[in-house]
Amino acid sequence: SSMDRVQVFLRSPLFTTRSNGHVPSKTAIIEGTVVETQGAGLQIQVTAWRNADGAPLEGEPRTLFIPPSKIDHVWLLD
C-alpha cells in the first residue's frame with residue numbers, strides 16, 4: 001500500500017547516462033516510501049541508493065516509477 005517504507009532489490013542496476021545522472025551509477029537497491037502502486041509497479045520516493053553489495057551511493061532524493069519487470073523483491077521496512 002502507499003506510504004510503506006521499503007527497500008527494493010532490482011533485477012539489474014538502474015540505467016543512467018553520464019550527462020543525465022538523475023540516479024547514481026550502479027544503483028541496485030533503492031530505499032524510500034511507496035507513493036502509490038500502479039499495476040505491479042511502484043512509484044517510490046527514493047531517499048537512499050545502494051549498489052549490489054548494499055554500500056551507500058551518493059545521490060539526490062528522486063521519485064521514480066519502477067516497473068514490475070525491474071523488481072526482484074521488495075522488503076517492507078515498517
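User: Is Arg50 buried, exposed or partly exposed?

Analyst: Arg50 counts as partly exposed, because its relative accessibility is 23%. Buried would need a value under 20%, and exposed a value over 50%. One caution before we go on: this is a predicted model.

User: Where is Arg50 found?

Analyst: Arg50 is found in strand β3.

User: Which residues does Arg50 touch, not counting residues up to four places away in sequence?

Analyst: Skipping those sequence neighbours lets you see what the fold brings together. Here Arg50 touches Gln7, Lys26, Thr27, Ala28, Ile29, Glu31, Ala55, Pro56 and Leu57. Take Thr27 as one case. Arg50 and Thr27 are 23 residues apart along the chain, and their C-alpha atoms are separated by 5.5 Å.

User: How many salt bridges does the structure hold?

Analyst: The general idea comes first. Side chains of opposite charge can pair when their charged atoms come close. This structure holds one salt bridge. Its partners are the side chains of Glu31 and Arg50, at 2.5 Å from N to O. The pair links distant parts of the chain: Glu31 sits in strand β2 (residues 29-38) and Arg50 in strand β3, 19 residues apart.

User: Why does Glu31 count as buried?

Analyst: Glu31 counts as buried because its relative accessibility is 15%. The cut-off is under 20%.

User: What lies 2.9 Å from the backbone oxygen of Gly54?

Analyst: A polar atom of the Arg50 side chain lies there. A polar atom of the Asn51 side chain lies 2.9 Å from the backbone nitrogen of Asp53.

User: Where is Asn51 found?

Analyst: Asn51 is in the loop between β3 (41-50) and β4 (56-57). Read its accessibility as well as its position. Asn51 counts as buried, because its relative accessibility is 19%. Its contacts, leaving aside neighbours within four places in sequence, are Lys26, Ala28, Ile29 and Leu57.

User: How many bridges join β2 to β3?

Analyst: Nine bridges join them, and the two strands run antiparallel. To read a pairing, find a residue and its partner. For Val34, the bridge partner in β3 is Ile44.

User: How many bridges join β3 to strand β5?

Analyst: Five bridges join β3 to β5 (residues 62-66), again antiparallel. In this pairing, Val46 stands opposite Arg62. β3 also pairs with β4 in the antiparallel sense, over two bridges. There, Arg50 stands opposite Pro56.

User: Which residue takes a positive phi in the hairpin of β2 and β3?

Analyst: Keep the rule in mind. Most residues other than glycine have a negative phi. In the hairpin of β2 and β3, Gly39 takes a positive phi near 65 degrees, and two residues lie between the strands. The hairpin of β3 and β4 has five residues between the strands, and Gly54 takes a positive phi near 85 degrees.

User: What phi does Lys26 have?

Analyst: Lys26 has a positive phi of about 75 degrees, although it is not a glycine. Lys26 is placed in the loop between β1 (5-10) and β2. With a relative accessible area of 61%, Lys26 is exposed.

User: How many residues has the largest nonpolar core?

Analyst: General idea: in soluble globular proteins, nonpolar side chains tend to be buried together. The largest core here has 14 residues. Val8, Leu14, Ile30, Ile44, Trp49, Leu64 and Ile66 have the most contacts inside it. β1, β2, β3 and β5 each supply at least two residues of this core. β3 gives the most, with four residues.

User: Which residues is Leu14 in contact with, leaving aside its neighbours within four places in sequence?

Analyst: They are Val23, Thr27, Ile30, Trp49, Leu64, Ile66 and Lys70. Ile30, Trp49, Leu64 and Ile66 are also among the core residues I named.

User: Is Glu60 buried or exposed?

Analyst: Glu60 counts as exposed, because its relative accessibility is 53%. Glu60 lies in the loop between β4 and β5. Now compare sequence with space. Glu60 and His22 are 38 residues apart along the chain, while their C-alpha atoms are separated by 8.1 Å.

Conventions. Residues are numbered from 1 along each chain as its sequence is written. This is a predicted model: local features need pLDDT of at least 70, side-chain atom pairs count only at pLDDT 80 or more; totals for chains, interfaces and linings use all residues. Side-chain values use heavy atoms; hydrogens and water are left out. Buried means under 20% relative accessible area, exposed over 50%, partly exposed in between (1.4 Å probe, protein chains only). A polar contact is a pair of N or O atoms within 3.5 Å; within protein, one must be able to donate a hydrogen and the other to accept it, and residues adjacent in sequence count only if both atoms are side-chain atoms. Contact means heavy atoms within 4.5 Å. A salt bridge is a side-chain nitrogen of Lys or Arg within 4 Å of a carboxyl oxygen of Asp or Glu. Two strands pair if DSSP finds at least two bridges between them. A nonpolar core is a set of buried Ala, Val, Leu, Ile, Met, Phe, Trp, Tyr and Cys residues joined through side-chain atoms within 4.5 Å.
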